[in-house]
Amino acid sequence: APTAVAAVRSSSRVVRTIRATPLAVANPVPRAAADPLEEVMVSRDMAFESKVALLADHYSARPFTVAARLAEIAARAGLVGAAWYLRADDRATRLRDAMSSLGVVFVKLSQTLATRPDLIGDEAA
């Protein structure tokens, strides 16, 4: 049976090689959701309003998780804002690194805003 091999690269050097188990070519087994929320979000059987209600219930029971995420976002924004205010030479790099470290939603937001220099300025775009 064929085996999947993937190399994780950093610049030009291979950091580590991941070797998966033999691939099931005919009938792939569905992947189990890593997070209970993921299962809810990818479900096509549930209405949008129901998903929003479940997310609200989930996060209202976890205020410290929400506060920690907001603190992380605020800290990154503060560091980038300080670099921008002080006109640091590497502020574009700091902005890129901060947005990518916050996750895929912020990366997509950055990509969208980069197409609108009228909103964020030529240097940030």
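Which residue follows α3 with a positive phi? This and other local details are shown below for a predicted model.

**View 1. Helix α3 and the residue after it.** Helix α3 covers residues 63-85, 23 residues in total. From its first C-alpha to its last, α3 reaches 32 Å, close to the expected 33 Å at 1.5 Å a residue. The residue that follows α3 is R87, with a positive phi near 55°.

**View 2. R91 over the ring of W84.** Here R91 lies over the face of W84, at 4.8 Å from the ring centre. If you are looking for aromatic partners, the count of aromatic pairs comes to 0, with ring centres required to lie within 6.5 Å.

**View 3. The largest pocket.** Take a look inside: the largest pocket holds about 300 Å³ of space. Its lining has 15 residues, and those nearest the centre are L95, M99, S110, I120 and A124. Helices α4 (91-101) and α5 (104-114) each supply at least two lining residues, and α5 gives the largest share, with 6. By class, the lining of the largest pocket divides into 11 nonpolar, 2 polar and 2 charged residues.

**View 4. The second largest pocket.** Now back to α3, which supplies 5 residues, the largest share of the lining of the second largest pocket. About 160 Å³ of space lies in this pocket. The residues that line the second largest pocket are Y59, T65, V66, R69, L70 and I73. Sorted by class, this lining has 4 nonpolar, 1 polar and 1 charged residues.

Definitions and conventions
Residues are numbered from 1 along each chain as its sequence is written. This is a predicted model: local features need pLDDT of at least 70, side-chain atom pairs count only at pLDDT 80 or more; totals for chains, interfaces and linings use all residues. Side-chain values use heavy atoms; hydrogens and water are left out. Rings of Phe, Tyr and Trp (its six-membered ring) pair if their centres lie within 6.5 Å; planes under 30 degrees apart count as stacked, over 60 as edge-to-face and the rest as tilted. A charge sits over a ring if NZ of Lys or CZ of Arg is within 6 Å of the ring centre and within 35 degrees of the ring normal. Helices (H or I, at least four residues) and strands (E, at least two) are DSSP runs, numbered from the N terminus. The expected span of a helix is 1.5 Å times one less than its number of residues. On a 1 Å grid over the protein atoms alone, a cavity is a set of points where a 1.4 Å probe fits but cannot get out, and a pocket is an open set with protein on both sides within 12 Å along at least five of seven lines; lining residues have an atom within 4 Å of a point. Grid points are joined across faces, edges and corners, and a volume is the space filled by probe spheres set on the points. Ala, Val, Leu, Ile, Met, Phe, Trp, Tyr, Cys and Pro count as nonpolar, Asp, Glu, Lys and Arg as charged, and the others, Gly among them, as polar.
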